[in-house]
Amino acid sequence: MRRIALGAALALLFLLVLVSTAPARLVGYLVPENQLRLSGFSGTLWEGVASNAAIATPEGWLQLGRTRWSLSQLYLLALMPTLDIESEWGQQRIQANVRLYPSGDVLLRGLRASVSASLVKQFMPVNLRGVLTLESPQLKIADGVPAEGRGKLVWRQAFWRGVRGSQPLGDYEVNFEVPGAATGKARVKTLSGPIRIEGSLEVTGREYAVDASLTSAQPIDQELSRALQLMAEPVDGGYRLKFNSEF
């Protein structure tokens, strides 16, 4: 029995040493290629780097760029892979602690992301400029959508560009809360700038409600005004957006 126990211990030790030195490229075989693409590996399975990474979205592939990770061995044994990640793509920066549950749910902790507002054009037909910064202490994702958490989104140096004109907007902050699956609420406030936006957004299932005011002491670009009039009511000094719709 002692020989069997000693043999098992040595085999386990050998396996741990083997796994701890496993090359980072093995990650490419462990992640679903239709959801995450990785290339240019260096390092190990536990502490590695991919020189290029991209994640699938409903609108196409979102580039993450150079991505570093540190995988927790303890949580992996509990079948809950947990890792710290950092990615860089131009001026885009993303960092978070990510935990994957057997159910497929994802828990993000300490999330901080900074991206160009022009990225919005991949999902909506608007040409925006500026920097978007997202911060969330904890955010749970289930079935691909936020299911629980809270956070803050800041849009700095906001700028709208149209076909014939353009409009500097300002700096804005959106504080949001997700109390449950497919429900959420947010409030937007103006930090600075020529155009002030104040209001709220509420989401319930596939329905959402917007109630916000947009005011400016200076004339608003005519092209932007025409676009706003399609969804907002003109009022003194600006517009009132109040409507319900579906995603």
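## Nonpolar cores

A nonpolar core is a set of buried Ala, Val, Leu, Ile, Met, Phe, Trp, Tyr and Cys residues joined through side-chain atoms within 4.5 Å. Buried denotes under 20% relative accessible area, exposed over 50%, and partly exposed the range in between (1.4 Å probe, protein chains only). The structure is a predicted model, in which local features need pLDDT of at least 70 and side-chain atom pairs count only at pLDDT 80 or more, whereas totals for chains, interfaces and linings use all residues. Residues are numbered from 1 along each chain as its sequence is written, and side-chain values use heavy atoms, with hydrogens and water left out.

The largest nonpolar core holds 20 residues, of which W155, L169, Y172 and L214 touch the most other members. Two or more residues come from each of β8 (128–142), β9 (145–161), β10 (166–180), β13 (207–216), α4 (222–229) and β15 (238–246); helices (H or I, at least four residues) and strands (E, at least two) are DSSP runs, numbered from the N terminus. The greatest contribution to this core is that of β9, with 3 residues. Contact means heavy atoms within 4.5 Å. Leaving aside neighbours within four places in sequence, L214 is in contact with I195, R196, I197, I220, L228, G237, G238, Y239 and L241. Another core, of 15 residues, lies apart from the largest one and has A24, W69, A96 and V98 among its members.

## Aromatic pairs

Rings of Phe, Tyr and Trp (its six-membered ring) pair if their centres lie within 6.5 Å; planes under 30 degrees apart count as stacked, over 60 as edge-to-face and the rest as tilted. The structure holds 3 aromatic pairs. One of them is the tilted pair of W155 and Y172, at 6.1 Å centre to centre with 50° between the planes. This pair links distant parts of the chain, with W155 in strand β9 and Y172 in strand β10, 17 residues apart. Both W155 and Y172 are buried.

Y208 and F243 form an edge-to-face pair, at 6.3 Å centre to centre and 80° between the planes. Y208 lies in strand β13 and F243 in strand β15, so the pair ties together parts that are 35 residues apart in sequence. F243 is partly exposed, with a relative accessible area of 25%.

The buried residues of α4 are E223, L224, S225 and L228, and they pack against β9, β10, β13 and β15. D221 caps the N-terminal end of α4, with a side-chain oxygen 2.9 Å from the backbone nitrogen of E223.

The backbone nitrogen of D221 is in turn reached by the side chain of Q167 at 2.8 Å. Q167 is found in strand β10 and counts as buried at 8% relative accessibility. Not counting residues up to four places away in sequence, Q167 touches F159, W160, I195, P219, I220, D221 and L224.

## Other strands and a loop

Two strands pair if DSSP finds at least two bridges between them. Strands β1 (residues 36–43) and β2 (residues 47–57) pair in the antiparallel sense over 7 bridges, and a hairpin of 3 residues joins β1 to β2. The bridge partner of L38 in β2 is A53.

Q92, in strand β6 (residues 92–100), is buried with a relative accessible area of 9%. Its contacts, not counting residues up to four places away in sequence, are Q63, L64, S87, S114, V115 and L119. By contrast, A181, in the loop between β10 and β11 (183–192), is exposed, with a relative accessible area of 60%. The C-alpha atoms of A181 and P146 are separated by 6.8 Å, and the two residues are 35 residues apart along the chain.

Conventions. A polar contact is a pair of N or O atoms within 3.5 Å; within protein, one must be able to donate a hydrogen and the other to accept it, and residues adjacent in sequence count only if both atoms are side-chain atoms.
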